[in-house]
Amino acid sequence: MARPVSKETFKQKFQNIFRRREGAINTGATTQSKSEEFLVTPSLLKEISKESPISQRVKAIRDLCELVTTKRLEDNGIEALWVSTSDLLEPHIPTEHRHLMLTFIKCIINGQSERLGLMRALFFEVIKNHSIFEDLPQRLDVLKSLSANGKNLLDFEEDMGPFLLAWMPDVISYGMTAEFLGLLINLFKFNSCYLDDHIVSGLVKHTCTVCSRTGREYDIEQSLKVLEAVVCYSCIPTESLYNLVTALCRTVGVPEFAQASWKLMRNLLGTHLGHSAIYTMCSIMESGQNKGDIILLRGAVFYVGMARWGSMRVQSLKHNFTSVLPSFLKALSCKHPLVAYEVTLSLQRLVKKYGKDIQPVTWDIVLDIIEELFRKINIYSTHELLPNDLHDLVTTTEMLHETKAFSGSATRLFGIVEEFANIRPESSVLTLVGFRAQSIHPTKVDWIQNLQLLMDRYFRNEDRTAIREAALRVLSSVISSTSHLYEDDLIEMVVLPQLSHISEDIDPIVRYTAVQLLVDVAQVCQTHRCLDILDIIQKVLMKPMHTIASLGNPMEGADPAHQRVIQSEEDLVDIKAAVQGLMELFRSKLYRLPSNHCVLAFELLTNHMQAQYQHSYQSETARRIRSMVFEYLLHLRSDCAYHIGLPDKDGVIKYSPYVLCDRKMEMDITGKTSPPSVCASPPLSERFCKTTSIPFADAFKVITICLKYETDWRVLTMVSECLAKAMQNRPLVLASNANLDRLCATLCSMVDDRSHIRRLHHTPPSFNRADFYAGVYRILTALVPYHNQLDGRKQVDLIKCLEAGLKLKCAQQCVDGLTLCVMEMQDTMIKILPSVILEMSKMSATPTMAIPVLEFLSSLIWFPHLYTSFVENQYMSIFAVALHYTNPFKFSLYVVSLAHHVIAMWFIKCRLPFRREFVNCITRGLRASAPRMSLDSPGRVKLRRSSSLTEKPSLMPKKNEQKKSSDKQGQESSATSERARNEILSELHSILTEGCLDMMARYTYSNCTTVPKRSPVAEFLLSGGQSDSWLIGNKIITITTSGGSSRRQKNGLCEKCSSLIQVETGEDVKPSTLRSTTLRTGDSGKAVDEPSVELPVPSKGFLKRQRSKSGKQPDKRNDSGEKALSRGTTPPTSSPHPTDKRKSFDFNAPATPEKTSSETRGFQSSSPPPSKSGRTSGDSHKSKSGATSPGSAGGRAGSPVSAEPRLPAETNKEFVERVQASLHERVEASTRKLSSVNIYQCNCWCQGWAEAHEASHSHSSVDSESILIEN
């Protein structure tokens, strides 16, 4: 248990402050785990006492080790165990038994640490007095456990320090240095207050000895940790400072301990002994006795420099740089490269970090050290890094001088550089150039002349590339800083004289730098001197070309063996820089005045591209140049006002207000019209116009040359893609007056000439001929909208090329182009269209080509004048093409539907005499594309051959049977789904085929006709009547009965007829025409007098007038027959259903018909042919009727009957006659059945009429004819 807080002494409280938290946590956890108490019995004490044999005691002690560690002993149990076993530590006891006893003590301490009490002091005395050397490791372990590895010194605080100081040499000699040093680390961290100065000094001295003499890294690491603990948690005695400093100076040179040593030294320098430590290290460097100790001198130099001006300098040190630098100069007297190297590094850190703050006196000492180092450079040359670092030191000093931060003597500094110029690197000379450039400023006298001298000495007369580049950079810096005031003077006096012949320089890097300088100057130049600079750039662009041209290697007509000239890639870096600079110049000058600068840059780019193809420049750099330039040119765009623009990085095009692509809109200050030639730039006197046009026709010319002569596939494919997009900008193409005929001829030649493909190189592994032609046809398609700019022959060639592409893998692109030709080039397309369609009919029907081909045919139908001259073969080709795509198993639903649409539309659009011949062709094609189950179809039952040799069903395992059954079920399910899909597709094909056949049956002999409308008379008679339809073959027969009103007026007429007569005659019907009719009921036989009327019959002229109003002419065949109108009877409202499918109609008439005196209006017609529609009227016939039947408001005469078609060959005439006879039978049956009903019935003339309507349904239209029947 932990001691109560109230009983703790002040010393214990002070110790607890420095104890680690985790130790307390671990102690608490250990205490909680010891819940059981172990009783020390007398028998146990007897067993481990002297009375028992040694072997029994050893065994019992071993068993107790675990018990005392894990369980809590009873009070006074520790003392009892110690008294019984203390004799085992005597010297005469065997070693292993002593070690076991020490281990037992260690277990007691670890397990009963909170209950030891005064036993802690006893155990410490045992360790202290047990002086047997061979037991030292066990003693150290017990001491570490007793003191918690140096953290807890309770009850032996005062004795711990002297004991460790006396015991440390033995521990080091035994080889337990690392374990002992770990104890010392915690001792200094947690209990340094109990250690006196002489104890600390002795421990530090022994520890420093370990650092200096041992070779084991872990011992050195532990020693540094002990020294760190001394510095951080104790007060370092003054007498131990020298030992500590020397130890740190020696260990800092070891890479593994450099960081730890520097950290320790930095902590030491931060204490009250920091200045003393610096003085100690300076004394070490100045002492002549240490000249041979190189490691000590190097460490001292490093620590002094790092502590005073290093990256982690000690802020508390107040030494001046001047007070320590002379010691560095003294240290160089040893003449060792390591010391000189460390001095150089320290000076580098000083100059780089505090060079601006160094006083002139300090700079004099620094320059003395630099000069001393240079004088012994030959001695130090064996060191790999020293010469370079020494030169870097001088370079850094020179850079400080350039930035006006060098407060020392510049004359002495550059005097040193000049004295050792033969060994100085180029960087020092570059610094010297920078120093000379300091005097070149407008505030200095003759600064331009000084600039000229610098260029003459370090550019024109210098051979080293870096120095020449530095001179050019100085010139560029001067121009950029003073061009706003002295631009013309600098260009005229320095730039042009020095760089006018840069194209003839043999150094490509210098040419590259000079070109960049010229481009930078040209971008900011706003005067006419910019044109002179562009002339120099033009010389650079044309220099390689002039050299190649001198060999006489033009591309056209030249021997292919001499077209390629081998050039080094380094020779082209300046040309590439010039091209990139011109593109940037064009972009920057495009939106500024004067605009002629960007025009000249554009001309230089196009001329360079033309020169490359003239001289067949085929290097990799040349290819990249062509790719960059063509991509740049093809990104140019023009708005509707012909202003040129370029897209920015976000793709937004900004148009220039000063540069046009139309030369007609160019504004000339002189008032002259622009010269007709667009290839050459305007004269100097006319280059300052506000708006200028660029010769974009030259760009098109070069692009055309590229398409014809380019042999690099990467450039060619980029040009084809970008050109197709650029041609979508019509203002740019049209306003530039591009030679589109030449472009078209080039593209056509690329299609015809297959040798161009063989000349290509840098093609991908999967390259084929279709890839090449795809790019060509892409441009040809984009060229179609410009057909007005092409002559007739070129238009024909263009279409012929697209037609030839139908045989290639890129046929889809060609079909799209031909579709565009149909819309754009109709005058030319009309001549070539038959051959195009014939070529399409030879193409394979693939899903890729389905939609383009069908859309081509679907679009072509909207231009009738293109196919007015088509003959039967052309139409046959169209149907052959479309029929290929009607298979639903091979093509999508959209493709199949579109194919049927194309067949229907072209069948209707073709001339009538041709249709009869096409029916068989289309029918055969549809049947040929009908879905058929293949041998491998999942829905097909596969027959299996039996083999008695290979199959043994009786020996097959059950597991295999189960597996086969599961596989069979999976196959059956997949076969079922596949069969269902096949049935759906088959049904789709059947529906579409049937619709197509219906369409052809309807329109093979006639054109489309409109659905006939009812005449006013028919509308009057049939309004409100009942209607029903029958399907016979591919025709629908609809019969509508008349729907007169059941209410009558006083004159005997219904309301509709009465109002109609009043409208026609303007007179009222007299009631004198009424007469009586006797109706008998079936029950009483009572006669009821009913006023009857003699209905006025509409005249023949009246009926003709009604027909003329509806726009229909009466049938002349029946003009001689006049309808006889009389009273009629109404048939039943319900229509019976047929009971026998083999008959068209079957009525349930009464078995014993009764003769009636009712009159029925009849109809006699001669049926017209099926393809023509007309209206016929028949002769009336009469029959007697006894009584009228009740009717509904929906009509009462001629109620239709529904039936199913029986004989498809039945004609319309036969059908109408059969329906009419059925109506007569139904009238008679209705009269007999309803004779007993006593009602008032309208006997008006409008009753008993019916309309027979024939509708023929096809795939695309409905044709019909109606016959009005008087029943």
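1. Pro647 stands opposite Ile653 in strand β5. Two strands count as paired if DSSP finds at least two bridges between them.

2. This is a predicted model, in which local features need pLDDT of at least 70 and side-chain atom pairs count only at pLDDT 80 or more, while totals for chains, interfaces and linings use all residues. Residues are numbered from 1 along each chain as its sequence is written, and side-chain values use heavy atoms, with hydrogens and water left out.

3. Strand β4 covers residues 643-647, and four of its five residues are buried. Buried means under 20% relative accessible area, with a 1.4 Å probe and protein chains only.

4. On one side of the pairing, β4 runs antiparallel to strand β3 (residues 637-638), joined by two bridges. Ser638 has Ile644 of β4 as its bridge partner. The hairpin of β3 and β4 has four residues between the strands, and Tyr642 takes a positive phi near 65 degrees there.

5. β4 also runs antiparallel to β5 (residues 653-660), with four bridges joining the two. Five residues lie between β4 and β5 in their hairpin, and Gly651 in the turn has a positive phi of about 85 degrees.

6. How many disulfides does the structure hold? It holds zero, a disulfide being a pair of cysteine sulfur atoms within 2.5 Å. As for individual cysteines, Cys661 is buried at a relative accessible area of 2%, and Cys996 is buried at 1%.

Note on methods
Buried < 20%, exposed > 50% of the residue type's maximum accessible area, 1.4 Å probe, protein only.
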